[in-house]
Amino acid sequence: MAKSCSHWWHAPIYFTVSIALAFIAISTPLHSDLKNASSPLPHNSITRHLLSNASRALRRSGFTVTATLLQVSPELFLTSHEVHSTIFAIKDSAISNFSLLPPWLLKHLFQYHTSPSKISMRDLLEKSLGSCLSTLLENKKLEVTKIDPKQRSVEINHVLVSHPEVFLGGPISVHGVLGPFSPLNPQNFQESLWGFIQTPICGSNSRNFLEWPEIIRMLSSNGFVSFAVGLHTVLGGVPQDFTNLSSVTIFAPPDLALAASPSPLLDRIVRFHILPRRFSFIELATLPQKSKIGTLLPDRDIEVTGRLKNSSRVLAVNGVEVLAPDVFSSKKFIIHGLSRAFKLGELPNAF
């Protein structure tokens, strides 16, 4: 009895979320630009039978929310002209707070987790690293970011396919994944910033030494949401301009005034906050006073205007204090949190 009751509190949460999402799914589309959103589905006995079996398989594997949506509103995952479909079902525990998101964004999210082709686990394992997968969300693609043939494991957008082939029948494939393919945190949600799904740059022509989607994910998960959005917005040109970039340092401000920034200015601002090599906090702090370091913005350097004093972790760059040093660190990139954004027009001040 104790075992069956140990997770009793999950039931009302999942039930509530399931009902809320189902209601959202069948409600009138808001801000919808989904392909063929109003097109009727070819309801026939074979399709209904397959969807019913897929829903039961999802429920047995613990993907209650997606199972409910597949039953109540299959048009989220199927279109009138595409016979085949692969659904990447998000783990229930990762969906429990999605009811706080706007209805239109939820619709986009589930469309982004569906590909208009049948893809088995074998198909995924045979993909090339960096391959693109199309989705039902127009112009938004997924990227195969990790393949381990020995372990028979695959990651898409850096999210593990934890339950391969939950259902495989007819033209429909269903795989379970540990979390959403695009980072969405309701606590950080602002419609002006999160009105789109964040997607990777994939394909052989866009591969780079750096995994920019992972950098964006880490910025977002560490609270630098607006800078993550800004970087994502201008990311298309950075890998093209810096094809041999192997490491970077990100100076992330707590807020970036995106709404007031036209695209060219935003691009310059974001690049001004990125160094083309990795500098830890200690490496920056031990540089000589007024040392200049080049950024991704041509002809614009940053200047170290403050450093370690009496073992105190105080550092300023262009007169802006580094409040959160080494927020996230890996071999290829490091993130430092700033007290505010650098200003392109200002001269570095002494700290």
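In helix 8 of this predicted model, the buried residues (under 20% relative accessible area with a 1.4 Å probe and protein chains only, where exposed means over 50% and partly exposed in between) are Trp212, Glu214, Ile215, Ile216, Arg217, Met218, Leu219 and Ser220. The helix is thus described as mostly covered, with eight of its 10 residues buried, and it is followed by Gly223, whose phi is positive, near 95 degrees. Helices (H or I, at least four residues) and strands (E, at least two) are DSSP runs numbered from the N terminus. Residues are numbered from 1 along each chain as its sequence is written, and side-chain values use heavy atoms, with hydrogens and water left out. Local features need pLDDT of at least 70 and side-chain atom pairs count only at pLDDT 80 or more, whereas totals for chains, interfaces and linings use all residues.

Once neighbours within four places in sequence are set aside, Trp212 is in contact (heavy atoms within 4.5 Å) with Leu231, Leu235, Val238, Pro239, Leu245, Val248 and Ile274.

Turning to the strands, an open sheet of four has the order 2-1-8-7, with mixed pairing, two strands being paired if DSSP finds at least two bridges between them. Strand 2 (114-115) and strand 7 (163-169) stand at the edges with a single partner strand each, so one side of each is left without a neighbour in the sheet. Strand 1 (residues 85-90) pairs with strand 2 in the antiparallel sense over two bridges, and Thr86 stands opposite Ser115 in strand 2. Strand 8 (residues 172-177) contains His175, which counts as buried because its relative accessibility is 0%; the side chain of His175 reaches the backbone nitrogen of Glu165 at 2.9 Å.

As for confidence, pLDDT (the predictor's confidence in each residue, from 0 to 100) has a mean of 78 over the chain, and 71% of its residues reach 70 or more. Over residues 1-10 the pLDDT is below 50, and this stretch has zero contacts in the model beyond near neighbours in sequence. Residues 204-208 also stay under 50, although the model has eight contacts for them beyond four places in sequence.

Notes. Polar contact = N/O pair within 3.5 Å; in protein donor to acceptor, adjacent residues only side chain to side chain.
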